[in-house]
Amino acid sequence: MKIVGHLPLNILGNDELARLYPDWTAEKIFEKTGIRERHVVLEGECASDLAFAAAERLFVGRAREADYLLFCTQTPDYLLPTTACVLQHRLGLPTTCAALDFNLGCSGYIYGLSLANSLLQSGAAQRVLLLTADTYSRLIHPQDKSTRTIFGDAGTATLLSKESGARLHSFVLGSDGSGADQLMVKAGGARFPQPNDLPTTTDDSGNVHAPGCLYMNGPEIFNFTLKAVPKLVREVLEKAKLSLDEVDLVVFHQANAFMLEHLRRKLGIAPEKFVLHLELCGNTVSSTIPLALENAITTGRLKPGMKVLLAGFGVGYSWGGCILEW
Amino acid sequence: MTKTKFIEKLGAELGIPPATLLEEAPLNTFKAWDSMGHMAVLAMIDAELGCEVPPGALQKCKTVGDLVTLVGSKLES
């Protein structure tokens, strides 16, 4: 299993945000979010470009062999066709390669691993290229500082095969659409095609919420995680017949540092086992977990033989967890 | 936890002297009562009282007293 990430070159730092929102300082933004800078795309740069760049780097020095391409994104190039087909052609993958997009956010990487693992186990595929990428920055209203401080753009590529050595198991997945409107871009799809048909509002903190832009109810999402994540972790461990002590590393979706630290303490996870990787990239939605894994591999924190508990949770609501034996 | 202690904790989370946190005080007059303030209070309720807050309930609270009522069953009389 090989994992490669790609961040756009353009950086939005806390100093710039503090200049735009004078009631905040760069340090206050860091204290509240754990984020110093996030990479954001420039005009014309799409999620598929980020996924393409990650995949290109992944294929350096290895054959372009994949018979299944899964692309997790909520910011596709077009309404149709599926962006995965565009990427199959652009990456020079054979036309025998199956390709499909799936629309998930914070839980997307775990769902992608689950799909890839199932395809490999069933024999339906031999080598699965799992791509994740999103450009939430293009969905955020310039005057919605609460989300602009959190999200960054990124793409990742993961190549999975039966021979890769890594083992994935004990998947637990779940959904609760009652929380759909807590993290949403309401207009632009078939339900509300025209953003102007819905009102733009401003909340008590001055954040502007336009129907064609990303809306996030941060406290409600946090409240959801307080209930969902401990249960998810418990269920994954039960399925794997492991205790938390037997897990070497825990990688959660990197939502924001405040949320992660609270969940870490609540679950009794030792800081040395808990991966925090968002200071220089922010919350990159479905790319946070593979970016954190890539960093753990390159820094030597993730070593062969280790058992890693992965958990993603958020927009949907949707959640998923599993064990990765590296 | 007593009501007094809860209000002390609330003040600590929002950076407000507890003496000014009167039960009738409107929460939207506190600068710290923003989305991060909401999250800090949810985290405090979770850590200190271990009680679940129903979806949407926190944002319906308009005063300090509403927050006390929200967690009332977990407070010592």
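**Entry 1**

I looked up A:Ser170 and recorded it as buried, because its relative accessibility of 9% falls under the 20% cut-off. The model I am reading is a predicted one. A:Ser170 belongs to strand 8 of chain A, residues 167-175. Its phi is positive, about 60 degrees, although the residue is not a glycine. I noted this since most residues other than glycine have a negative phi.

I then turned to A:Val285, for which phi is also positive, near 60 degrees, in a residue other than glycine. A:Val285 sits in the loop between helix 8 and helix 9 of chain A. With 1% relative accessibility, A:Val285 is counted as buried.

**Entry 1**

A:Pro81 lies in the loop that runs between strand 4 (68-72) and helix 4 (83-90) of chain A.

I recorded another cis bond from A:Gly316 to A:Tyr317, where omega is near -10 degrees. A:Tyr317 is placed in the loop between strand 14 (307-314) and strand 15 (318-325) of chain A. Most peptide bonds are trans.

**Entry 2: the five-stranded sheet**

I traced an open sheet of five strands in chain A and wrote down the order 1-7-6-4-5, with mixed pairing. Strand 1 (2-6) and strand 5 (98-102) of chain A are at the edges; each has a single partner strand, so one side of each is without a neighbour in the sheet. From one strand to the next I noted an average twist of 15 degrees.

I followed the pairing of strand 1 of chain A with strand 7 (residues 154-161) of chain A, which is antiparallel and spans five bridges. Within strand 7 of chain A, A:Leu159 is the bridge partner of A:Lys2. I also saw helix 9 (residues 288-298) of chain A lying across strand 1, strand 6 (127-134) and strand 7 of chain A, at about 110 degrees to strand 1 of chain A.

**Entry 3: nonpolar cores**

Which members of the largest nonpolar core touch the most other members? In this set of 69 residues I listed A:Phe252, A:Leu309, A:Phe313, B:Phe6 and B:Leu10. Helix 7 (residues 218-240) of chain A supplies the largest share of this core, eleven residues. Leaving out residues up to four places away in sequence, I found A:Phe252 touching several residues, including A:Val229, A:Val233, A:Leu263, A:Leu267 and A:Ile289. I noted a second, separate core of 33 residues, which includes A:Ile110, A:Val128, A:Leu160 and A:Leu324.

**Entry 4: helix 7 against helix 8**

I examined the packing of helix 7 of chain A with helix 8 (residues 257-267) of chain A, where the angle is about 40 degrees and the axes are 11 Å apart. This angle makes helix 7 of chain A oblique to helix 8 of chain A. The crossing of the two helices is right-handed. On the helix 7 side I listed contact residues including A:Ile221, A:Phe222, A:Val229 and A:Val233. Those of helix 8 include A:Phe258, A:Met259, A:His262 and A:Leu263.

**Entry 5: A:Thr33**

Is A:Thr33 buried or exposed? I found A:Thr33 buried, at a relative accessible area of 5%. This residue is part of helix 2 (residues 26-33) of chain A. Not counting residues up to four places away in sequence, A:Thr33 touches A:Thr149, A:Ile150, A:Asn256, A:Ala257 and A:Leu278.

Terms used. Residues are numbered from 1 along each chain as its sequence is written. Chains are lettered from A and ligands numbered from 1 in the order in which they are written. This is a predicted model: local features need pLDDT of at least 70, side-chain atom pairs count only at pLDDT 80 or more; totals for chains, interfaces and linings use all residues. Side-chain values use heavy atoms; hydrogens and water are left out. Two strands pair if DSSP finds at least two bridges between them. Helices (H or I, at least four residues) and strands (E, at least two) are DSSP runs, numbered from the N terminus. Axes are lines fitted to C-alpha atoms, for helices over the stretch in contact, and angles run from 0 to 180 degrees between N-to-C directions. Contact means heavy atoms within 4.5 Å. A nonpolar core is a set of buried Ala, Val, Leu, Ile, Met, Phe, Trp, Tyr and Cys residues joined through side-chain atoms within 4.5 Å. Buried means under 20% relative accessible area, exposed over 50%, partly exposed in between (1.4 Å probe, protein chains only). Angles under 35 degrees count as roughly parallel, over 145 as roughly antiparallel, 65 to 115 as roughly perpendicular and the rest as oblique. A crossing is left-handed if the near helix is turned anticlockwise from the far one by less than a right angle, and right-handed if clockwise.
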